[in-house]
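Hello,

Please find the structure below. My notes on it follow.

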Amino acid sequence: MREVAFIKQNKAKWLEFEQAIFGKAKKNPDEMASLYIHLVNDLSYAQTYYPKSKTVVYLNYLASQIYQKIYKTKRTEQNRVVYFFSTEVPLIVYEYRRYLVYAFVLFFLCTGIGVLSAKYDLDFVRLILGDQYVNMTLENIKNGNPVAVYKSGSNWGGFIAITMNNLYVGAQCFIWGVFLGIGTFYIMLQNCIMLGSFQYFFYQEGVFWESVRGIWIHGSMEIFAIVIETAAGFMLGASILFPKTYSRMNSFKIGFKNGLKIFLSTIPFTIAAGFLEGFVTRYALEMPNWLNVIIILGTLSMISFYFLVFPFIVNKKMKSVTLKS
C-alpha cells in the first residue's frame, strides 16, 4: 500500500487519538486500550514499509502519549514522584533522544573551540575567566593546590550558592529555547568555551590531573545535566520551528511541557553536584587517587545510565506490556 493511501485510510482513527490525548474526547480505559493496540499495529506497519517517513515519527509520538494516558490510573498505586522519574521522564527522553545527540555533539564541538582558543591565544583564558581569577589560580598552583578555590567559604554556604547558580544556568538553557533554540545554543557556547579554556589552562600549567581530580568530582553530574538541559531547550525551539501535524501553539505547548519535565528531572543531579562541590571537592587533593576516580566514574555512570540507557529499558518494557495486552 502506498503511504498516501495508508494515511488516508487511517487518518480518522489517528485524529480520534489526538482528540483523546488533548482531552477533547472522553474515552474509558477499555476504549483507550483498544485504540492503542490499533495504533501500535499501524506504527509497526509504518516502520516496516515507510521507515524514514514522518508518519513513523508522528505515530511514535501518539503511541507514547496514549501509553501515558492509559497507565495514568496506575499512578494512584505508585508515588507520583516515583512514577515521574521511573516512567514518565524516560519515555519522553526516549521519544526526543535525537535532541540529546545534537546537544552532546555541540557540547564536544564547543568545548573543543574553547580548548583550541586557549591553546593558540595566550590571552584568551584571561579574557574568558578574568585576570583576578587567573592570577588567583596561578598563585594556588604555585602553593601546590590548583583547586584551592573550592576551599573558600563554608560548606553549606558554598553548596547553596553553587546549587542556585547551576539551577539558574540550567533554567536558562531550557527557557532560552523559546528563541528558536538559538538562545539555548548561546548559553551552551558560553559555558563550553569557558570549560574548554579553563581545563586547558590547567593542562598548560602542568597540573591537568590535579584539576581533573578536583573539578570532575562535581563536574561529571553538573556538566552532564547542562547538556541534558540544553537538549530540553532544543526541544522547545524545535516545537516552534517544526509543528508537524499540530498547530504551532499546540506544538509549543507539547514541547514546553515535555522540555520542562526533562529540565525538572535534572534538578536532583544538579543538587547532588552542588553538594559534592560544597562538601567533597575541597578535599580532592587530600584524598587518594582511587577514591577520586570512584567518585568521578560513579557519578558519571549514574547520570549516564539514567538519561542514556534507562529510557531504552523503559521503552522496551512498554512495548512488551503492549504486546501482552
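A residue counts as buried under 20% relative accessible area, as exposed over 50%, and as partly exposed in between. Trp176 has 31% relative accessibility, so Trp176 is partly exposed. Please note that this is a predicted model.

Trp176 belongs to a nonpolar surface patch of about 680 Å². Helix 11, residues 248-279, gives the most to the nonpolar patch: three residues. Leu260 sits in helix 11. Leu260 is partly exposed, at a relative accessible area of 30%.

Next, the rings. The whole structure holds 32 aromatic pairs. One of them joins Phe174 and Phe256: the ring centres are 5.5 Å apart and the planes are at 40 degrees, so the pair is tilted. Phe174 is in helix 8 (residues 155-175) and Phe256 in helix 11, so the pair ties together parts 82 residues apart in sequence. Phe174 is buried, at 1% relative accessible area. Phe256 is partly exposed, at 32%.

Trp176 and Tyr186 also pair, with centres 6.5 Å apart and planes at 10 degrees, so this pair is stacked. Trp176 lies in the loop between helix 8 and helix 9 (182-204), and Tyr186 lies in helix 9. Tyr186 is partly exposed, with a relative accessible area of 44%.

Elsewhere, ring pairs link Phe6, Trp14, Tyr45, Tyr49, Tyr50 and Tyr58 into a cluster. Arg97 lies over the face of Tyr94, 4.0 Å from the ring centre.

Last, Ile66. Ile66 is in helix 3, residues 54-70. Ile66 is buried, at 0% relative accessible area.

Best wishes

Key:
Residues are numbered from 1 along each chain as its sequence is written. This is a predicted model: local features need pLDDT of at least 70, side-chain atom pairs count only at pLDDT 80 or more; totals for chains, interfaces and linings use all residues. Side-chain values use heavy atoms; hydrogens and water are left out. Patches are made of residues with over 30% relative accessible area and no salt bridge: like charges are joined within 9 Å, nonpolar side chains (Val, Leu, Ile, Met, Phe, Trp, Tyr) within 5 Å. Accessible areas come from the Shrake-Rupley method with a 1.4 Å probe; for residues, only the protein chains shown count as cover. A salt bridge is a side-chain nitrogen of Lys or Arg within 4 Å of a carboxyl oxygen of Asp or Glu. Helices (H or I, at least four residues) and strands (E, at least two) are DSSP runs, numbered from the N terminus. Buried means under 20% relative accessible area, exposed over 50%, partly exposed in between (1.4 Å probe, protein chains only). Rings of Phe, Tyr and Trp (its six-membered ring) pair if their centres lie within 6.5 Å; planes under 30 degrees apart count as stacked, over 60 as edge-to-face and the rest as tilted. A charge sits over a ring if NZ of Lys or CZ of Arg is within 6 Å of the ring centre and within 35 degrees of the ring normal.
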